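Subject: Handover of a structure and notes on what was found

Dear colleague,

Please find below the structure that I am handing over to you.

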Amino acid sequence: MKTTTVFVAVCLILIDQGARSRFLLPHVPDRVFPPVPEYVSNSTLDEEGDEYDPEVSPGLFQGDMALTTEFYNFWRVGIRFDVFPEKLWKGGIVPYVISPLYEPSETVTILKAIRTLSFMTCVRFIPWDGKRKDYLLIWPIKYPKGCWSFVGRFGGAQIVSLQPPDKRGPNCLGTEGRALHELMHALGVFHEQSRWDRDKFVKIHYENVIPQYKSNFDKESLENTTYSFEYDYDSIMHYGRHFFSKKKGKPTITPKQPGVKNIGQRDALSKGDCLKLNDLYGCLKNPKTRRKYYNICNFLGV
Ligand SMILES: [Zn+2]
């Protein structure tokens with residue numbers, strides 16, 4: 001091909017991409033109103049705590065999840081897709097848009113999280129084509145600020161809020177961990193310590209919890225919950241020791257089993273997180289992919 005032809009072809013591709021991205025980007029307001037149960041949405045933002053944590057500050061259900069009231073009554077650690085088939089991303093395909101408001105390094109962090117999930121599970125993240133009805137809109141929402149997500153597929157353009165670094169700290173994009181946590185919510189996974197059997201594994205110190213956030217430590221009845229895997233202290237979906245604490249140094253949740261030191265890591269998927277996602281999306285059904293994903297989870301899960 002002649003150089004001029006290549007040049008024209010490259011220009012056409014660039015023009016096409018420019019036009020498409022302008023066309024593809026939806027308008028996102030600074031202030032959004034995720035549907036959450038009334039008493040939860042009325043709670044105030046905790047902007048003054050010494051231990052500012054963008055995951056516990058949005059004032060949503062259990063800190064960082066946007067839930068509908070109807071759904072609130074039936075949630076579980078991993079959504080039961082037999083009860084809520086509409087919450088599942090069909091075929092494990094998740095179209096996404098990353099906001100152009102992010103700095104390149106922040107976009108890279110988000111893409112790393114997406115790449116990790118795509119590698120460790122059979123869930124497929126694909127750039128939104130501008131046509132599919134349901135997709136994730138990863139955006140630095142100004143209100144409520146912080147790291148938050150809906151749980152499972154919500155329908156339409158679905159916000160995943162990841163607050164970029166500022167003078168207070170790295171917020172949701174210091175590493176890929178927080179992005180992984182919120183994307184796991186978007187895929188249908190709840191917090192690990194909300195399992196009905198959690199009292200065998202952790203103690204909740206209600207006396208240390210900020211009163212308005214006590215419900216963030218609720219657990220669910222066995223009726224709505226089943227678990228394929230053991231309780232997972234290493235889960236990226238587990239609360240840390242001081243989440244929603246009234247005072248510095250006063251723990252709100254501590255492990256009961258001997259030898260367990262750390263909870264609330266936000267670095268990487270645990271073996272359990274990896275298996276849980278693969279299980280939810282049917283990646284373990286086929287014997288061939290089952291072996292593949294069991295191996296990946298065992299090797300790469302923390
Ligand atoms: Zn969360």
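The notes below go from the whole chain to single residues.

The model is a predicted one, in which local features need pLDDT of at least 70, side-chain atom pairs count only at pLDDT 80 or more, and totals for chains, interfaces and linings use all residues. Residues are numbered from 1 along each chain as its sequence is written, and side-chain values use heavy atoms, with hydrogens and water left out.

The chain as a whole

The protein chain holds seven helices and eight strands. Both kinds of element are DSSP runs numbered from the N terminus: helices are H or I runs of at least four residues, and strands are E runs of at least two. Of the 302 residues in the protein chain, 52% are buried. Here buried means under 20% relative accessible area, exposed means over 50%, and partly exposed lies in between, with a 1.4 Å probe and protein chains only. The protein chain exposes about 15000 Å², and carbon and sulfur atoms supply 57% of that area. These areas come from the Shrake-Rupley method with a 1.4 Å probe; for residues, only the protein chains shown count as cover. Among the contacts in the protein chain with a separation of 6 or more, 75% are between residues 24 or more positions apart. A contact means heavy atoms within 4.5 Å.

The nonpolar cores

In soluble globular proteins, nonpolar side chains tend to be buried together. A nonpolar core is a set of buried Ala, Val, Leu, Ile, Met, Phe, Trp, Tyr and Cys residues joined through side-chain atoms within 4.5 Å. The largest nonpolar core has 39 residues, of which Leu-117, Phe-125, Leu-136, Ile-138, Leu-162 and Leu-187 touch the most other members. Two or more residues each come from strand E2 (93-98), helix H4 (104-120), strand E4 (135-139), helix H5 (177-187), helix H6 (271-280) and helix H7 (287-300). The element that gives the most to this core is H5, with six residues. Another core, of 14 residues, lies apart from it and includes Phe-217, Tyr-231, Phe-244 and Ile-253.

Val-123 sits in the loop between H4 and strand E3 (124-127), and is buried, with a relative accessible area of 0%. Beyond residues up to four places away in sequence, Val-123 touches Gly-92, Val-94, Leu-117, Ser-118, Leu-187 and Tyr-281. Val-123 and Leu-187 are 64 residues apart in sequence, and their C-alpha atoms are 9.0 Å apart in space.

The annotated position

Which position does UniProt mark as "active site"? The unreviewed entry places this feature at Glu-182. UniProt positions are given in the numbering used here, feature names are shortened, and annotations may be inferred rather than shown by experiment. Glu-182 is in helix H5 and counts as buried, at 0% relative accessibility. Leaving aside neighbours within four places in sequence, Glu-182 is in contact with Glu-55, Asp-64, Cys-147, Trp-148, Ser-149, Val-160 and Leu-162.

Aromatic rings

Rings of Phe, Tyr and Trp (its six-membered ring) pair if their centres lie within 6.5 Å; planes under 30 degrees apart count as stacked, over 60 as edge-to-face and the rest as tilted. By this rule there are 12 aromatic pairs. The rings of Trp-128 and Tyr-135 are stacked because their centres are 3.8 Å apart and their planes are at 20°. Tyr-239 and Phe-243 form a tilted pair, at 5.0 Å centre to centre with 35° between the planes. Both Tyr-239 and Phe-243 are buried. Phe-217, Tyr-239, Phe-243 and Phe-244 form one aromatic cluster.

The loop between E7 and E8

Phe-244 is found in the loop between E7 and E8. Most residues other than glycine have a negative phi. Phe-244, although not a glycine, has a positive phi of about 60°. At 4% relative accessibility, Phe-244 counts as buried.

Asn-208 lies in the loop between strand E7 (202-204) and strand E8 (253-255), and counts as buried at 11% relative accessibility. Not counting residues up to four places away in sequence, Asn-208 touches Phe-244, Ser-245, Lys-246, Lys-250, Pro-251 and Thr-252. A polar atom of the Asn-208 side chain lies 2.7 Å from the backbone oxygen of Pro-251.

Conventions. A polar contact is a pair of N or O atoms within 3.5 Å; within protein, one must be able to donate a hydrogen and the other to accept it, and residues adjacent in sequence count only if both atoms are side-chain atoms.
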